[in-house]
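Hi,

Here is the structure I promised to pass on. Please open it first, then read my notes below.

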Amino acid sequence: MNLAAKLRHELAVAIGSPDWQAALEAVPRELFVGDAVYRDDAGLGWVPVHRSQMSPEDWLALVYTDETWVTQVNGVMAENAIEPVAILRPTSSSTLPSLVVRMLEAAGISEGENVLEIGTGTGYSTALLCHRLGDKAATSIEFDPVVADRAKVALAVAGYTPTLVQGDGLLGYEGNAPYDRLIATCSVRTIPLAWVRQVCEGGTITAPMLGWTGGVAFAHLRVADDGTASGRFLNDDVYFMPARPHAAPPLDVLELGSGDVSDTQIDPLLLTDDAALFVAQLAAPQAQHGWAGDILTLHDVDTGSHADVRPSPGGGWVVHQRGPLRLWDEVEKAIVTWQEAGRPHQSGFGLIVTGEEQRVWLGDPDGPGWNLPA
Ligand SMILES: C[S@@+](CC[C@H](N)C(=O)[O-])C[C@H]1O[C@@H](n2cnc3c(N)ncnc32)[C@H](O)[C@@H]1O
């Protein structure tokens with residue numbers, strides 16, 4: 001057994017998925033990772049690491065580490081980068097294989113099914129799909145033309161010929177519909193209606209969700225005969241980069257401590273909890289959150305609405321709010337509802353998507369609810 005096959009075998013055994021073991025043993029991740037990746041260095045930013053700078057053994061060891069390897073930052077491919085790239089967001093990566101498999105398992109994919117994948121990236125997860133289901137059963141869409149071309153070559157070299165589409169995955173791909181399973185390896189803010197229409201009755205949509213406030217939830221929705229899609233969020237915390245058209249708009253420098261003043265008994269530090277942040281986002285989906293020391297900021301770029309919350313010297317917290325939306329008041333109401341329900345994880349919530357609205361409910365479909373942004 002050569003070194004790559006040995007490392008692949010060890011990775012597959014460590015992941016321990018009977019359904020995906022053969023695919024993990026067969027797909028050569030080195031073809032998909034390419035010739036360079038970025039390493040996250042807190043001081044320098046994203047530092048390119050080139051295959052040519054390492055021994056072949058060390059490079060393979062890197063490739064088969066169960067880690068996400070970022071391959072593109074702000075549109076710059078790692079193989080074209082010589083200098084570190086400043087602190088910007090990754091725009092493409094090879095997701096850590098164990099997470100890819102968790103996604104595939106959560107989707108409940110099995111032989112004979114027709115699958116649409118959103119976010120081809122390096123093509124690694126697409127290759128796993130092809131290996132298990134066959135080339136004809138896999139369709140994958142990638143937004144970025146450079147990333148899409150690279151994945152196409154890597155898949156061809158590995159011997160896989162799925163349907164590859166370069167374009168906006170939020171529109172789905174009518175050409176091979178209907179799909180039994182749709183999985184997204186980028187996060188969405190709302191579920192695109194095209195997905196619901198292109199998945200067959202009884203089929204599922206499995207998608208990480210990420211809103212502008214930074215709240216995440218893992219949707220697994222079943223499409224019903226009335227054309228709606230619904231389901232409870234999964235009890236698994238996954239984070240994927242945002243689908244490009246769903247990313248938050250850039251924030252300007254914020255002015256703090258101005259506007260109407262009130263007080264609150266809700267500790268803003270609560271929003272460091274993922275479930276609480278998700279709840280805050282339901283209440284104020286346009287707001288982006290940040291911290292200036294111990295001051296929480298909520299800012300909505302569209303309307304200019306702003307809130308900041310800081311500790312009060314006399315106990316409790318002081319709130320400053322301005323603009324048409326009272327962002328903290330909305331967040332506070334939702335947080336109280338969530339606390340009264342026993343502070344559940346996101347899996348205590350569910351989502352129903354109809355042609356008219358996307359409503360997140362708490363507890364059960366008749367429980368308190370919030371509409372996702374249109
Ligand atoms: C985490 S990476 C995908 C990882 C990939 N599945 C793998 O195994 O290597 C997310 C990818 O989604 C792509 N993406 C972002 N928005 C998209 C969209 N609207 N449609 C299709 N792809 C999108 C990004 O360009 C990026 O390549």
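Start with helix 9. Its buried residues are Ala275, Ala276, Leu277, Phe278, Val279, Ala280, Gln281, Leu282 and Ala283. That is nine of the ten residues in the helix, which spans 274–283, so it counts as mostly covered. Look at the start of helix 9 too. There, a side-chain oxygen of aspartate 273 comes within 3.0 Å of the backbone nitrogen of alanine 275. Keep in mind that this is a predicted model.

- Threonine 122: a polar side-chain atom sits 2.6 Å from a ligand oxygen.
- Aspartate 168: an N or O atom of the side chain is 2.8 Å from a ligand nitrogen.
- Glycine 119: a polar backbone atom is 3.1 Å from a ligand nitrogen.

How much of the ligand does the protein cover? On its own, the ligand has 600 Å² of accessible area, and the protein covers 99% of that.

Over to you.

Best wishes

Conventions. Residues numbered from 1 in each chain as written. Predicted model: local features only at pLDDT ≥ 70, side-chain atom pairs only at ≥ 80, totals over all residues. Heavy atoms only, no water. Polar contact = N/O pair within 3.5 Å; in protein donor to acceptor, adjacent residues only side chain to side chain. Areas by Shrake-Rupley, 256 points an atom, 1.4 Å probe, with all protein chains shown as cover. Buried < 20%, exposed > 50% of the residue type's maximum accessible area, 1.4 Å probe, protein only. Helix = DSSP H or I, 4+ residues; strand = E, 2+ residues; numbered from the N terminus.
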